[in-house]
Protein chains: 2
Amino acid sequence: MTTYFTPGPSQLYPTVAGHLQQALADGIGSISHRSKAAEASVQATTEALRALLGLPAEHSIFFLPSATECWERILQNCVQRESFHLVNGSFSEKFHKTALLLGKTSSAHGVPYGEGFDLGKLQVPDSAELIALIANETSTGVQMPPEDIAAIRRQHPDKLIAVDVVTAAPHAEIDYADTDLAYVSVQKGFGMPAGLAVLVVSPRALEKARKLETAGQYTGAHHSFAQLHKNALLHQTPCTPNVLFIHLLGKVAQDMLQKGIGTIRRETREKAALLEAAVSRNSSLELFVQETRVRSETIVVATVTGGSEPLIQHLKEKGFWVGNGYQQFKGKQIRIANFPATQNGDVMGLCEALANWQ
Amino acid sequence: MTTYFTPGPSQLYPTVAGHLQQALADGIGSISHRSKAAEASVQATTEALRALLGLPAEHSIFFLPSATECWERILQNCVQRESFHLVNGSFSEKFHKTALLLGKTSSAHGVPYGEGFDLGKLQVPDSAELIALIANETSTGVQMPPEDIAAIRRQHPDKLIAVDVVTAAPHAEIDYADTDLAYVSVQKGFGMPAGLAVLVVSPRALEKARKLETAGQYTGAHHSFAQLHKNALLHQTPCTPNVLFIHLLGKVAQDMLQKGIGTIRRETREKAALLEAAVSRNSSLELFVQETRVRSETIVVATVTGGSEPLIQHLKEKGFWVGNGYQQFKGKQIRIANFPATQNGDVMGLCEALANWQ
């Protein structure tokens with residue numbers, strides 16, 4: 001029996017296998033993406049996500065194949081010339097680099113990996129049209145507190161705010177009214193197999209996309225915001241999407257609603273506390289993120305004295321798969337995903353295995 | 001009990017549900033896309049597709065989310081200025097329109113929907129870099145015989161040949177050495193849930209993409225051919241893909257190999273003959289494609305006297321879902337998918353229901 005504490009793909013939410021089996025029995029793998037049944041599925045999923053995350057009624061919900069594609073489409077649709085990025089890890093940096101690849105002017109405010117941002121030190125260029133934030137840096141386990149997102153929104157009312165919530169949602173208590181663009185892939189906190197992402201878009205961001213498209217900017221063919229929005233109004237998507245996973249995401253979101261988002265968030269905090277305590281008790285391990293305020297509750301990162309490979313192997317033998325350090329931290333750190341899919345008992349088992357490792 | 005003869009999403013291949021259940025039990029929904037297990041899965045699927053379709057060893061295989069994205073990426077990577085399209089239905093036309101949306105010069109040789117092409121009448125502009133063909137027009141049920149693809153390749157050795165095999169593969173006996181770009185989505189002939197496409201790329205096409213990228217053309221960020229190829233060499237993908245469906249596609253392709261592609265193709269021809277005969281026997285129905293040589297064996301299209309809606313409803317009540325006519329043919333035609341997933345008995349049942357309809 002294996003429990004996946006990997007940062008995503010990760011442990012499947014306990015109800016996923018059952019929903020998948022039922023969906024196949026109901027023909028969801030075969031129905032046309034233009035059928036009433038598929039439209040009902042898109043609508044149900046949209047409504048469940050809206051309720052679960054408290055999304056503003058006026059924000060649109062688009063289904064895309066990956067968070068990586070979200071980077072490309074956000075830049076094509078919402079940036080004419082310039083974007084600005086807060087960078088403290090590999091994923092926030094990749095978004096910045098995608099902007100450069102797209103020929104945009106793009107600058108970044110970087111801090112050392114493992115650290116959060118001091119908002120007082122931010123110098124956002126007047127010419128930047130979009131500020132890219134990351135609610136939870138999956139590579140380093142640093143979170144941006146929701147109040148910081150709100151503060152940046154207040155300080156820059158004229159700029160679009162894009163927030164990577166890939167490993168933050170549904171846990172982080174973000175007020176999505178503070179975001180113009182927020183995106184998540186389902187193989188993280190939603191405990192689904194990989195292959196689907198959700199992009200939440202404010203009316204302002206949609207308006208900007210329309211303006212840029214009218215001005216002749218390439219906004220992404222089938223996945224331009226205008227096209228995505230046109231289809232979303234019909235509970236459809238521009239091209240044949242992953243119908244099955246959209247359906248499944250709705251089911252998982254409904255299960256989470258039933259359990260209660262408050263309960264899920266409390267459990268996540270409790271599990272995070274257990275994991276942090278276990279790391280702190282083992283003198284071979286050290287929490288990577290020093291500052292409590294910005295330490296992620298969904299991705300717990302620890303540096304391992306003498307290297308992380310033996311510990312990863314040890315845990316694997318006990319049935320717990322954790323993530324390796326990312327890029328330059330590979331072989332030096334472990335990353336433990338603390339998503340809603342893992343149960344308290346799983347986490348206690350992992351904590352014991354961490355404690356018993358010399 | 002419903003059998004889906006819809007043109008895709010369509011009936012699931014009989015082994016899909018079992019493979020999906022086993023894959024979940026094996027943790028395929030949770031494993032990292034950078035793990036050895038995921039690499040092994042990508043490799044196994046690639047090899048099975050290569051064997052099943054007889055793909056040249058030097059052609060690369062990329063996994064993308066949809067055939068629609070394949071249009072965009074082909075144009076970004078393989079066309080600097082100009083593409084040329086053979087258009088005889090909605091899907092071939094959409095590829096042409098995508099080229100215009102991308103700011104390319106793009107011309108089309110069009111024939112009436114329901115007809116094939118007379119190669120003697122083709123006038124391909126010297127300046128066109130790419131010729132787009134469609135092996136099977138899903139909207140109208142017209143196929144392009146593989147020998148015509150080969151002839152166009154011979155006549156235009158200096159141009160890249162892109163072939164839409166979305167509803168043609170694995171049935172059509174195409175020599176993929178005649179193609180520089182061939183793409184298929186898995187919810188058609190492979191009988192899988194939607195959410196994955198395969199793009200087969202020749203060394204010449206890859207070379208062109210590299211040249212355009214070096215010259216400063218935008219080739220698609222994470223899904224540039226150079227990036228896709230770099231990852232494919234490692235049996236990986238640039239971003240987190242639909243790991244589960246890539247795995248599943250490999251299993252289905254292996255099952256098809258086991259059965260024998262020759263057997264599958266023979267059965268498809270036999271089932272097509274049954275369907276055509278049933279349509280011909282009913283005086284209210286008429287095969288849309290008159291010319292036998294270009295009549296699709298995988299999408300059988302019939303015009304229904306007095307409108308197709310009552311017939312579609314009648315068949316649905318008998319447990320057979322067929323497709324409606326596409327766009328301007330909606331309400332006038334039915335489209336019957338004849339993919340490997342449906343069995344001889346299913347087709348005979350559908351034929352009987354067609355025959356008994358007044």
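Visitor: What stands opposite A:Glu286?
Guide: In this predicted model, A:Glu286 stands opposite A:Thr303 in S12(A), where strands are DSSP runs (E, at least two residues) and helices are DSSP runs (H or I, at least four), numbered from the N terminus.

Visitor: How many bridges join S11(A) to S12?
Guide: Three bridges join S11(A) to strand S12 (residues 299-304) of chain A, and the two run antiparallel; strands count as paired if DSSP finds at least two bridges between them.

Visitor: And which sheet order do the five strands form?
Guide: The five strands of chain A form an open sheet in the order S1-S13-S14-S12-S11, with mixed pairing. Its edge strands, S1 (3-5) and S11 (285-287) of chain A, each pair on one side only.

Visitor: Switching to chain B, which residues of helix H7 are buried?
Guide: In H7 (residues 225-232) of chain B, the buried residues are B:Phe225, B:Leu228, B:His229 and B:Asn231, buried meaning under 20% relative accessible area (1.4 Å probe, protein chains only). Seen down the axis of H7(B), they fall within an arc of 165°, so they line one face of the helix, the arc being that of the directions from the helix axis to the C-beta atoms.

Visitor: What covers them?
Guide: The cover of the buried residues of H7(B) includes helices H3 (67-78) and H6 (203-214) of chain B, with contact meaning heavy atoms within 4.5 Å.

Visitor: What conventions apply?
Guide: Residues are numbered from 1 along each chain as its sequence is written, and chains are lettered from A and ligands numbered from 1 in the order in which they are written. Local features need pLDDT of at least 70 and side-chain atom pairs count only at pLDDT 80 or more, while totals for chains, interfaces and linings use all residues, and side-chain values use heavy atoms, leaving out hydrogens and water.

Definitions and conventions:
Buried means under 20% relative accessible area, exposed over 50%, partly exposed in between (1.4 Å probe, protein chains only).
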